[in-house]
Amino acid sequence: MLKAPEDQRKPISGSVKLINQDDKMSQREQEISEQLFHSKCESLGEQERNVARHLATRTHIARNTSQEFADQLTLGQRLADRVAAFGGSWTFIAMFGAMLFLWIVLNWFLLLKLNSTFDPYPYILLNLVLSMLAAIQAPVILMSQNRQAYRDRLDAEHDYEVNLKSELEIMTLHEKIDGLREQLISIQQEQLKLPGQLIDGLKNRQ
């Protein structure tokens with residue numbers, strides 16, 4: 001009779017164990033959903049299911065959302081954030097004010113010395129440059145703000161999951177403590193009954 005090689009038989013048992021573990025985890029997750037959320041796991045939201053799964057597996061749910069968000073950024077998104085950060089700084093305001101001052105002084109100097117200038121008053125070319133700069137800078141700032149709003153939403157969702165898991169863990173601990181207290185009370189009551197039973201036994205013997 002031909003026997004299957006040993007390396008072909010081992011993965012079958014390993015896969016069976018994994019399937020059993022997955023079934024146990026899904027069953028535990030279902031029990032937690034019905035016990036704590038008073039609803040089936042399928043009807044819960046994504047965040048609630050995630051919390052129930054972490055409670056079932058006894059794993060931590062906290063993570064570094066800032067690092068995860070930074071790792072997902074593309075080169076263009078990083079550049080937009082840098083441009084938006086520089087455009088909202090005092091350094092940009094000082095440099096921009098200095099450029100405007102030099103532009104006006106240079107035109108005024110050329111007008112006095114050569115009686116001609118490349119951008120006469122009211123500085124139409126300067127207005128065109130400023131309009132182009134504003135047209136480019138505005139969408140870049142909007143992109144950065146939208147991304148910051150998305151990051152804030154991710155942080156809020158993560159905080160909600162962590163707080164919900166902590167609250168459920170505290171509720172579970174309270175239930176366990178209440179159960180232990182009831183057991184202690186029942187044990188004390190049984191112990192208090194023992195002297196009376198001993199006295200009754202002695203009286204019956206006499």
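Predicted model: local features only at pLDDT ≥ 70, side-chain atom pairs only at ≥ 80, totals over all residues.

Modeller: Residues are numbered from 1 along each chain as its sequence is written, and side-chain values use heavy atoms, without hydrogens and water.

Colleague: Where is the place of Arg151?

Modeller: Arg151 lies in helix 6, residues 124-205; helices are DSSP runs (H or I, at least four residues), numbered from the N terminus.

Colleague: And what does Arg151 touch, leaving aside residues up to four places away in sequence?

Modeller: Arg151 touches Ser66 and Phe69, where contact means heavy atoms within 4.5 Å. The side chains of Arg151 and Ser66 are joined by a polar contact of 3.0 Å, that is, a pair of N or O atoms within 3.5 Å, one able to donate a hydrogen and the other to accept it; residues adjacent in sequence count only if both atoms are side-chain atoms.

Colleague: Changing topic, at what angle do helix 5 and helix 6 pack?

Modeller: Helix 5 (residues 90-114) and helix 6 pack at about 160°, with axes 11 Å apart. Helix 5 and helix 6 are therefore roughly antiparallel, the term for angles over 145 degrees.

Colleague: Which residues in helix 5 meet helix 6?

Modeller: Phe92, Phe96, Leu100 and Trp103 do, against Leu125, Leu126, Leu130, Leu133 and Gln137 in helix 6.

Note on methods. Helix = DSSP H or I, 4+ residues; strand = E, 2+ residues; numbered from the N terminus. Axes fitted to C-alpha atoms, helices over the stretch in contact; angles between N-to-C directions. Parallel < 35°, antiparallel > 145°, perpendicular 65-115°, else oblique.
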